[in-house]
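The following questions and answers set computed values against the definitions behind them. Please consult the structure while reading.

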Amino acid sequence: MIAVRTLRIAAVVEAASLALLLANLLTVHARPLSGLLGPLHGTAYLVVIASTWMLPSASTAGARWRALVPGVGGLLVVRGVEARADASDRSTRGVDERRD
């Protein structure tokens, strides 16, 4: 659960920092802002990749490859992991209900 939360936070930070970097590049191109956001984005990107590789529910090759997409890859992985968790919850709830 902690790994999924870490992945979700890192994915949002990665996407937001990339959007801010691109907005800065297209507008004023302030070097101090680039100097702050660049390493932040790079670190969040690496955390997304490492978290995805360590997460058992993202063990499919597709999830691991999606994590390598800068900006949106982490968000795609989080979406897939949560969808898998919801599907497994639904399937186990159905089994429990049949037992009663």
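**Values and definitions**

Q: Why is Asn 24 called buried?
A: Asn 24 has a relative accessible area of 3%. Buried means under 20%, exposed over 50% and partly exposed in between, with a 1.4 Å probe and protein chains only, so Asn 24 counts as buried.

The model is predicted: local features need pLDDT of at least 70, side-chain atom pairs count only at pLDDT 80 or more, and totals for chains, interfaces and linings use all residues. Residues are numbered from 1 along each chain as its sequence is written, and side-chain values use heavy atoms, with hydrogens and water left out.

Q: Where does Asn 24 lie, and what makes that element a helix?
A: Asn 24 lies in helix α1, residues 2-26. Helices are DSSP runs of H or I with at least four residues, strands are runs of E with at least two, and both are numbered from the N terminus.

Q: Which residues does Asn 24 touch?
A: Leaving aside residues up to four places away in sequence, Asn 24 touches His 29, Ala 30, Leu 33 and Ser 34, where contact means heavy atoms within 4.5 Å.

Q: What does the side chain of Asn 24 reach at 2.9 Å?
A: The side chain of Asn 24 reaches the backbone nitrogen of Ala 30 at that distance, 2.9 Å.

Q: How many helices and strands are in the chain?
A: The chain has four helices and zero strands.

Q: Why is the chain called more spread out than a compact globule?
A: The radius of gyration is 17 Å, well over the 13 Å that the globule rule gives for 100 residues, so the chain is more spread out than a compact globule. The radius is taken over C-alpha atoms, and the rule is 2.2 Å times the number of residues to the power 0.38. Along its principal axes, the C-alpha trace spans about 65 × 20 × 20 Å.

How values were computed: A polar contact is a pair of N or O atoms within 3.5 Å; within protein, one must be able to donate a hydrogen and the other to accept it, and residues adjacent in sequence count only if both atoms are side-chain atoms.
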